[in-house]
Amino acid sequence: MLWKRIATAAVLIPLLLASILLSVGRPGGWPFLLFCAVAAGLCADEGFRMFLHGERDRAGGVALAVLVFFSAALLPGSLGVPAVLVCILLSVFHVLPGAGDPAEKARRAATLCLGAVYVGGLLSTYPRTLLLPRGEHWVLLGILAVAAGDTMAYFTGRAIGRRKLAPAVSPNKTVEGAVGGILGSVGCAVLYAHGFLPGVPAGYAAAAGGAVGIFGQAGDLFESLIKRAAGVKDSGTLLPGHGGILDRADGILGAGPVLYLFAALSSLAGVGA
């Protein structure tokens, strides 16, 4: 229902904005870091509940996802990459003890590996982006561009959508809707950069918005693929009118790495400095 979606957004958006703005100038941007860590834990719990039926497996998966998140978000690259690989190996160690079908053990290990890196690894790019010069604005640009793309894709698809984009994964998505969504992300990024990232060329902001829109839609489709494989409509029921946390964060997860690259390259090249 629309009113439930509006009420949920009215609670979540101020929390997100407060965590970002309160992080400016604070060591490690810890309010936003903790906000993302909680989101990582909730997303991981929803994701693992779709495929892992044992409490031990789900609890271990959530712990691994949060550990991957903190490892990738806080450690420098020379330490972060080995730390994430250690986390992956921990998922293997988790399934080795006890009797059981080797094929099932391998499936559980693969699920733990993918889920921990998918949620914890992708989400870790946002606290790293926040710590870049004017990082709070790059984070907001990325999140708003994903949201604008999602909204434009929905309305464009409803209005003129004809050709199916990925019918086996998400039957309602259309090529026309996807194009409209990308244009929405581009427009949002250009407008936001014009207002809050002075000096960043419109072309660079458009490229960032386009990349964020494409990868955000890929993240959305990937989560749809996961849900279809699990035979569920929503990842959870935590957010009234929206489904689960993972249902709302899928595009944001997918856009995280490419957003960080554009923000970091902007800083290195002195774009908008």
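This is a predicted model: local features need pLDDT of at least 70, side-chain atom pairs count only at pLDDT 80 or more; totals for chains, interfaces and linings use all residues.
**View 1. Packing of helix α2 against helix α3.** Helix α2 (residues 30-49) and helix α3 (residues 55-74) pack with their axes 9 Å apart, at an angle of about 145°. The crossing of α2 past α3 is right-handed. On the α2 side, the contact is made by Leu33, Cys36, Ala37, Ala40, Gly41, Ala44, Asp45, Phe48 and Arg49. These residues meet Arg58, Gly61, Val62, Ala65, Val66, Phe69, Phe70, Ala73 and Leu74 of α3. By type, the residues of this contact of α2 with α3 divide into 13 nonpolar, 2 polar and 3 charged.

View 2. Helix α4 (residues 77-95) has 19 residues, and the distance from its first C-alpha to its last is 28 Å, close to the 27 Å expected at 1.5 Å a residue. Gly80, Ala83, Val84, Cys87, Ser91, His94 and Val95 of α4 are buried. They lie on the same side of α4 because they cover an arc of only 120° around the axis. The cover over the buried residues of α4 includes α3 and α5 (102-123). Ser78, Val81 and Phe93, on the other side of α4, are exposed.

View 3. Glutamine 217 is located in helix α9 (residues 202-230). Its relative accessibility is 18%, so glutamine 217 counts as buried, the cut-off being under 20%. Apart from neighbours within four places in sequence, glutamine 217 is in contact with Ala178, Gly181 and Ile182.

Notes
Residues are numbered from 1 along each chain as its sequence is written. Side-chain values use heavy atoms; hydrogens and water are left out. Axes are lines fitted to C-alpha atoms, for helices over the stretch in contact, and angles run from 0 to 180 degrees between N-to-C directions. Helices (H or I, at least four residues) and strands (E, at least two) are DSSP runs, numbered from the N terminus. A crossing is left-handed if the near helix is turned anticlockwise from the far one by less than a right angle, and right-handed if clockwise. Contact means heavy atoms within 4.5 Å. Ala, Val, Leu, Ile, Met, Phe, Trp, Tyr, Cys and Pro count as nonpolar, Asp, Glu, Lys and Arg as charged, and the others, Gly among them, as polar. The expected span of a helix is 1.5 Å times one less than its number of residues. Buried means under 20% relative accessible area, exposed over 50%, partly exposed in between (1.4 Å probe, protein chains only). The arc is that of the directions from the helix axis to the C-beta atoms.
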